[in-house]
Amino acid sequence: MHNVPSPIRLRITAAVLVGALVLMHTVSHGESIVAHQSLRELPYTLGDWTGEDRALQERIVRAVSVSDYTNRVYFEAAANAPVQLYIGYYASQRTGDTIHSPKNCLPGAGWDPIRSEIAKISLPSGRQILVNEYVIRRDQNKQMVFYWYQGRGRVIASEYAGKFWMVADAISRNRTDGALVRLVTPLNDGEEKARARLVSFTQILSPYLDELIPK
C-alpha cells in the first residue's frame, strides 16, 4: 500500500503548484516549441498486435486541446481482449491547454473508479517506470486502465510530480511540451490477465514512444 499524503500536505503542495503555474504563465517569454514526429507515424503493427484507428469527434479534440493525438484499438490473435491506446501530445502547456487527467475525465464519461494503485513496469531497455493502474466500472462493464505522463525525458505517474516538473522545465529549459499515454482493456478474463496484457503492450510500445515524444 502507498502512503496517502495528509490533507494539509496536499493543500500546501497544491497552493505551491498553483502559485508556480501562475508565475510561469505571467513570465512567459516565448516558449521553445520542439519539433516532433506525428503520432500517426506510430506503426499499426506492434509485435503481434495490429491497430485500427478510432478517430475522436472534433468537439472532443477541441475540448482536450491537443496539438496531436492518436486513438487506436489494437488486436492480437492470442489475446482474449483488445487494448485501446490513446496518446495526446501538447506542444505547450503555458496558455491553459494542459493535459487532462483521466482521474477527472473517466468519471465525467460515466466510469466509476473501483480501485487505483501504482504499477511498476520493467521495460526491455532495463529501465523501470511507474504508471497509474485503475479498475473502472460502468454498469456491468469493467475495464483496467494504465496511464502516465511522458515528455522531456521523463515518464511520470503522479499528477503532482508532473506539474512540478512542468514548472521546473518551463523555468530551466523554456519547455512545457508533454503527452498523456493511456491504455484500456476489458476485464472479461480477469484482472490478472488484463494486467499482464497491459504490461506486455506497454513493453512493446515503449521504444516507439521514446522516438515520437520529444526528450
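Colleague: Of the 215 residues of the chain, what percentage count as buried?

Modeller: Good place to start. In this predicted model, 42% of the 215 residues count as buried. The chain exposes about 11400 Å², with carbon and sulfur atoms supplying 54% of that area.

Colleague: Let's zoom in on the strands. In which sense do E5 and E6 pair?

Modeller: Strand E5 (residues 112-122) pairs with strand E6 (residues 128-138) in the antiparallel sense, over 10 bridges. Ser116 stands opposite Tyr134 in E6. The hairpin has 5 residues between the strands, and Gly126 takes a positive phi near 100 degrees.

Colleague: And which strand does E6 join through 7 bridges?

Modeller: That is strand E7 (residues 141-151), again running antiparallel to E6. Arg137 stands opposite Lys142 in E7. This hairpin has 2 residues between its strands, and Asp139 in the turn has a positive phi of about 60 degrees.

Colleague: Now the rings. How many aromatic pairs does the structure hold?

Modeller: It holds 5. One of them joins Tyr134 and Tyr147, tilted at 50 degrees between the planes and 5.9 Å centre to centre. That pair links strand E6 to strand E7, across 13 residues of sequence.

Colleague: Why does Tyr147 count as buried?

Modeller: The test is relative accessible area under 20%. Tyr147 counts as buried because its relative accessibility is 0%. Tyr134, at 10%, also counts as buried.

Colleague: What about Tyr147 and Tyr149: what kind of pair are they?

Modeller: Their planes stand at 85 degrees, so the pair is edge-to-face, with ring centres 6.1 Å apart. Both residues are buried. Elsewhere, ring pairs link Trp49, Tyr74 and Phe201 into a cluster.

Colleague: Last one: which rings have a charged end sitting over them?

Modeller: The charged end of Arg72 sits over Tyr44, 3.8 Å from the ring centre. For Arg154, the ring is that of Trp165, at 3.9 Å from its centre.

Methods: Residues numbered from 1 in each chain as written. Predicted model: local features only at pLDDT ≥ 70, side-chain atom pairs only at ≥ 80, totals over all residues. Heavy atoms only, no water. Buried < 20%, exposed > 50% of the residue type's maximum accessible area, 1.4 Å probe, protein only. Areas by Shrake-Rupley, 256 points an atom, 1.4 Å probe, with all protein chains shown as cover. Pairing = 2+ DSSP bridges. Helix = DSSP H or I, 4+ residues; strand = E, 2+ residues; numbered from the N terminus. Phe/Tyr/Trp six-rings, centres within 6.5 Å; stacked < 30°, edge-to-face > 60°. Lys NZ or Arg CZ within 6 Å of the ring centre and 35° of its normal.
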